[in-house]
Amino acid sequence: MDFSIERLRANVQNMSPAAHGFTYLDLRRAPARTGRLRGWVLSAKDLNDVAGMPTTLGNAKRTYYPAVSDPFIANVEKQGATFIGKSSTPELGLRVDTEPVDLPHPDNPLYPGRTPGGSSGGAAVQVARGLVRAAQASDGGGSIRVPAAACGVVGFKPAGSTLSAEGFITRTVADNAFLHGHRMITPRARIGLLLEPLFAATKVQAHHLRAAREAADRLRATGFEVIAIAPYPQARATFAHFRKIFTSRFAALPQAEGYAAWVAQQGASVSAGELNAAQRHVRDLPKLLAQQWQVDAIITPMLTADPPPRGYFMSLPHAENFNAQTRWSPWASLFNMAQLPAISVPCAIPAHPPVGVQVGGITLSDAQLLGLAHILHP
C-alpha cells in the first residue's frame, strides 16, 4: 500500500474527524531525507508533544503549543520518520474509550457507531483505515492493546520501568518490531492459556474465547508446549495496587471536571504507605507470576466482548465507568503492573470481524515476544 503524505491527503479529503481520528493534521510537512525510518509517515497521540503542533491532552480547554517534541517523538523523528498530525485520545488518556472533551469522537471502522477503544483510539482508527502504516501510541493500562483489538490491528506494549510505556499501533507485527528496532527472535517457550477474567468477574463472549483457544492451538501445532492456567491467588491484590498507582498519578490534577475529577479524588485518597506497598508489589510481581504459572508467556482474550456503542462508558456513574472498563479488558493492566511486554494481534473468526488476542511475556524479552506473536500474525 501507498502510505505517502500525498496518498493520505487524498484519503482524508472527504473524511470527517470522526472517520479519520485526527485532532490536528499538517500535510505540508516535508519528509525527512535520511534515517532508517525515512519514508515512514506517522501520527502522534494527542498526549504527546510534537514541536509546532497543538497538544490538547484530550480536552480542547487544555490546548497548548509546545516548542519541542517529547523525547520518544524526537527520537523517532531523528531516525527519519515524519509526524503529520495528532490522533484523538480521551482526556489525559484516562479511559478505554476515545471521547475527548469538546473535540470529535472517532468511530470504529469495524463496528460503525461503536467505540474504537482507547485511550489510543484515534491511532487505531487511522491504522485500521489504512491512512497511516503506523501510529505512535502509549499504554498505561491497556491503551495500546485495547484499541488495537477493537479495530482489528496490532498493538504492542514494550516492557518498561514504569506503569506506562510508549509504542506503536501497526498493521503487522513485523512493522512494530522494525519501528522499535528489534530483530524478532522465535523463543523456546512454554505457553499458558488463561481464559478466565483476571481482574473482574464477568462473562467472556464465545468468539473471544474461541480466538484465544485457536491462537493457543496454532502455537501448539508449531511445537510449543501450551497448558491451561488459572488466575494466580494474588490477582485481586495486584489490581487494588494498580488502581492506587494509576489514580495517584492524577492526585494533583488542576482544572479537573467530571470523570477526570473523580480519578483525581481517588488518587488524592491514596496514602504514602499504600503507594509504597503498591510499588513493592510491582517489584515482586514478575517473579511471582513466573513462580505461580511456570510459563514463559500467556495467551488471553484481549477483550471480553465486542466494542460497546460510543458514549457507553461516559453514560455511567464514575465508579461504575471505571469498573465497566475493567470488565471489558480484565487482563490488560497486569502487564503494566509487572512492566512486562504484551501485544494484541487480530485473529480471523468466520463471519465476524477480527478478534484481538493478547500474548504477554512472563520471562520473554520484547524481541522474543514479538517473535512469538509473529507466528500468530505473519
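This is a predicted model: local features need pLDDT of at least 70, side-chain atom pairs count only at pLDDT 80 or more; totals for chains, interfaces and linings use all residues.
Modeller: Residues are numbered from 1 along each chain as its sequence is written, and side-chain values use heavy atoms, with hydrogens and water left out.

Colleague: Why is strand β11 largely enclosed by the rest of the structure?

Modeller: A strand here is a DSSP run of E with at least two residues, numbered from the N terminus, and buried means under 20% relative accessible area (1.4 Å probe, protein chains only). Strand β11 covers residues 352-361, and because seven of its 10 residues are buried, the rest of the structure largely encloses it.

Colleague: Which residues stand opposite V357 in β11?

Modeller: Two strands pair if DSSP finds at least two bridges between them. Strand β9 (residues 297-301) runs antiparallel to β11 with five bridges, and there P301 stands opposite V357; strand β10 (residues 342-349), also antiparallel, has seven bridges to β11, and V345 stands opposite V357.

Colleague: What does UniProt list for "domain: Amidase"?

Modeller: UniProt annotations may be inferred rather than shown by experiment; the unreviewed entry lists residues 25-170 and 279-370.

Colleague: Which residues does S248 touch?

Modeller: Contact means heavy atoms within 4.5 Å, and, leaving aside residues up to four places away in sequence, S248 touches G267, V270 and L275. S248 lies in helix α8 (residues 235-248), a helix being a DSSP run of H or I with at least four residues.

Note on methods: Buried means under 20% relative accessible area, exposed over 50%, partly exposed in between (1.4 Å probe, protein chains only).
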